[in-house]
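Thanks, I'll keep this brief.

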Amino acid sequence: MVIIVGLFILTLLAIGKKQGFYSIISLFINIILLIGALNIYVLYNRVSLLAISNIAVVIFTIVSLLLVSGKQEKTYVSIISTLLGTFLSLLFSLHL
């Protein structure tokens, strides 16, 4: 397993260069945020998992896209369209 992860990271760095490096950082930040979100859910019984997940999705999307694409107009458009698509699909799934 460690060898596969190492090969993945090396390949990402070799092919992606700077963006690959930022993708790895984004992955680790998202893992930490996910662990934090799950800890909040476990520690506080009255908190909705759906609410925590929604907040986590927003943070994951913003952090990942800004790290990989930088502060550009098309990055902000990507963030908005990704979040709109995600929450519209969630809305449709809840009403079916």
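Helix α2, residues 49–69, packs against helix α3, residues 73–94, at an angle of about 155°. Their axes are 9 Å apart. This is a predicted model, so please read every value as computed. The cut-off for roughly antiparallel is over 145 degrees, and α2 and α3 are therefore roughly antiparallel to each other. The crossing of this pair is right-handed.

Which residues of α2 meet α3? On the α2 side they are Leu50, Asn54, Val57, Val58, Thr61, Ile62, Leu65, Leu66 and Ser69. Their partners in α3 include Tyr76, Ile79, Leu83, Phe87, Leu90 and Leu94, and also Thr75, Ser78, Thr82 and Thr86. By class, the contact of α2 with α3 comprises 12 nonpolar and seven polar residues, with no charged ones.

Now the other pair. Helix α1 spans residues 2–43 and packs with α2 at an angle of about 165°. Here the axes are 9 Å apart. α1 and α2 are therefore roughly antiparallel to each other, and α1 passes α2 in a right-handed crossing.

What does α1 bring to the contact with α2? Among its residues there are Tyr22, Ile25, Ile29, Leu33, Leu34, Ala37, Ile40 and Tyr41, along with Gln19, Ser23, Ser26 and Asn30. From α2 come Leu49, Ile52, Ala56, Ile59, Phe60, Val63, Ser64, Leu67 and Val68. The count for the contact of α1 with α2 is 16 nonpolar, five polar and no charged residues.

Notes: Residues are numbered from 1 along each chain as its sequence is written. This is a predicted model: local features need pLDDT of at least 70, side-chain atom pairs count only at pLDDT 80 or more; totals for chains, interfaces and linings use all residues. Side-chain values use heavy atoms; hydrogens and water are left out. Axes are lines fitted to C-alpha atoms, for helices over the stretch in contact, and angles run from 0 to 180 degrees between N-to-C directions. Helices (H or I, at least four residues) and strands (E, at least two) are DSSP runs, numbered from the N terminus. Angles under 35 degrees count as roughly parallel, over 145 as roughly antiparallel, 65 to 115 as roughly perpendicular and the rest as oblique. A crossing is left-handed if the near helix is turned anticlockwise from the far one by less than a right angle, and right-handed if clockwise. Contact means heavy atoms within 4.5 Å. Ala, Val, Leu, Ile, Met, Phe, Trp, Tyr, Cys and Pro count as nonpolar, Asp, Glu, Lys and Arg as charged, and the others, Gly among them, as polar.
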